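Welcome! Open your viewer, get ready to select residues by number, and follow along stop by stop.

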Amino acid sequence: MTGGRFAGELALAAEVADRAGALLIERLGRAGTVRHKSPKDIVTEVDNLSEELILAAIRAVHPDDSTLAEESGLAGPANGRTWVIDPLDGTINYANGIPFFCVSIGLVVDGVPSVGVVRDPIRAETYAATVDGPATLDGRPIRVSAKELVSDLVISLTIDGERLSERLGAIRQAIRVTRRLGSSALALAYVGNGRFDAFAQTHALSAWDVAAAGLIAERAGAMVTDVTGGPWFDLARPTQRFSIVAAPPAHHDRLLALVRPAG
């Protein structure tokens, strides 16, 4: 696994994500106590155990870095380096035994996503990238879809806003099919090797959903923006206020126009 000037951080993130993924597999079917964070969002005992494992491992090697984790929030000194962690993306899937979830670990340096690892423990697959290196799947370089026609695209899609039914109808008429699998980070990473031709979510994402996977998609050749066409990552953006449109450059503008909320 290569990573340019972030090779050490990439190796650490991959190793820790693998360990956290092994914990998820070990506890699958035994998620422990389930708590409601909101009417439609839950957290399990395993989310917390995975997060504790990741934080301890990172702090042991980089004690001067800050961390932003889904369950415990922001902690540590402000030195321009922040590890952004989702210990279990796809918690509802996990708690229900649906085998589509992941561990996501990113490193943001001076506001720029610079290291990203998404570990799929069910398939024993690791997507990874650095800002100055290639995107990889299990160490092999990957590239986005090369499909020529928008009508052939298979898209991970979650949208909101006005005239929703009308917009969904237009999208589904323009492309082949949409899917929504329950783990944004893993679905976005799938853009990196064309399992999804594109990913679009117009609302309800947070930094830990996109920091690693967005970088992976981008380094694999995708054009990645927010739903306005602007920068896709801002560490200061509030929780659940991120949006992402990631697609091969030839199709990004068309997809952006289809999914953008009215007005």
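**First stop: a pocket**

Select Leu68, Leu74, Thr82, Ala207 and Leu235: of the 15 residues that line the second largest pocket, these lie nearest its centre. Keep in mind as you look around that this is a predicted model. The pocket has a volume of about 190 Å³. Now colour strand 3 (66–69) and helix 6, the elements that give two or more residues to its lining. What kinds of residues make up the lining, by class? Eight are nonpolar, six are polar and one is charged.

**Second stop: the largest nonpolar core**

Next, select Val118, Tyr127, Leu188, Phe199, Val210, Phe233 and Ile244, the residues with the most contacts inside the largest nonpolar core, which has 40 residues. Several elements each supply at least two residues of this core, including strand 6 (102–109), helix 5 (184–190) and helix 6 (207–219). Helix 6 gives the largest share, nine residues.

Zoom in on Val210. Leaving aside neighbours within four places in sequence, Val210 is in contact with Leu188, Leu205, Leu215, Trp232, Phe233, Phe242 and Ile244. Apart from this core lies another, of 27 residues, among them Leu24, Ile54, Leu88 and Leu107.

The whole structure holds six aromatic pairs. Show Trp232 and Phe233: their ring centres are 5.7 Å apart and their planes meet at 65°, so the pair is edge-to-face, as angles over 60 degrees count that way. Trp232 counts as buried because its relative accessibility is 7%, under the 20% cut-off.

Finally, select Phe100, Tyr127, Tyr190 and Phe196, which ring pairs link into a cluster.

Technical notes:
Residues are numbered from 1 along each chain as its sequence is written. This is a predicted model: local features need pLDDT of at least 70, side-chain atom pairs count only at pLDDT 80 or more; totals for chains, interfaces and linings use all residues. Side-chain values use heavy atoms; hydrogens and water are left out. A nonpolar core is a set of buried Ala, Val, Leu, Ile, Met, Phe, Trp, Tyr and Cys residues joined through side-chain atoms within 4.5 Å. Buried means under 20% relative accessible area, exposed over 50%, partly exposed in between (1.4 Å probe, protein chains only). Helices (H or I, at least four residues) and strands (E, at least two) are DSSP runs, numbered from the N terminus. Contact means heavy atoms within 4.5 Å. On a 1 Å grid over the protein atoms alone, a cavity is a set of points where a 1.4 Å probe fits but cannot get out, and a pocket is an open set with protein on both sides within 12 Å along at least five of seven lines; lining residues have an atom within 4 Å of a point. Grid points are joined across faces, edges and corners, and a volume is the space filled by probe spheres set on the points. Ala, Val, Leu, Ile, Met, Phe, Trp, Tyr, Cys and Pro count as nonpolar, Asp, Glu, Lys and Arg as charged, and the others, Gly among them, as polar. Rings of Phe, Tyr and Trp (its six-membered ring) pair if their centres lie within 6.5 Å; planes under 30 degrees apart count as stacked, over 60 as edge-to-face and the rest as tilted.
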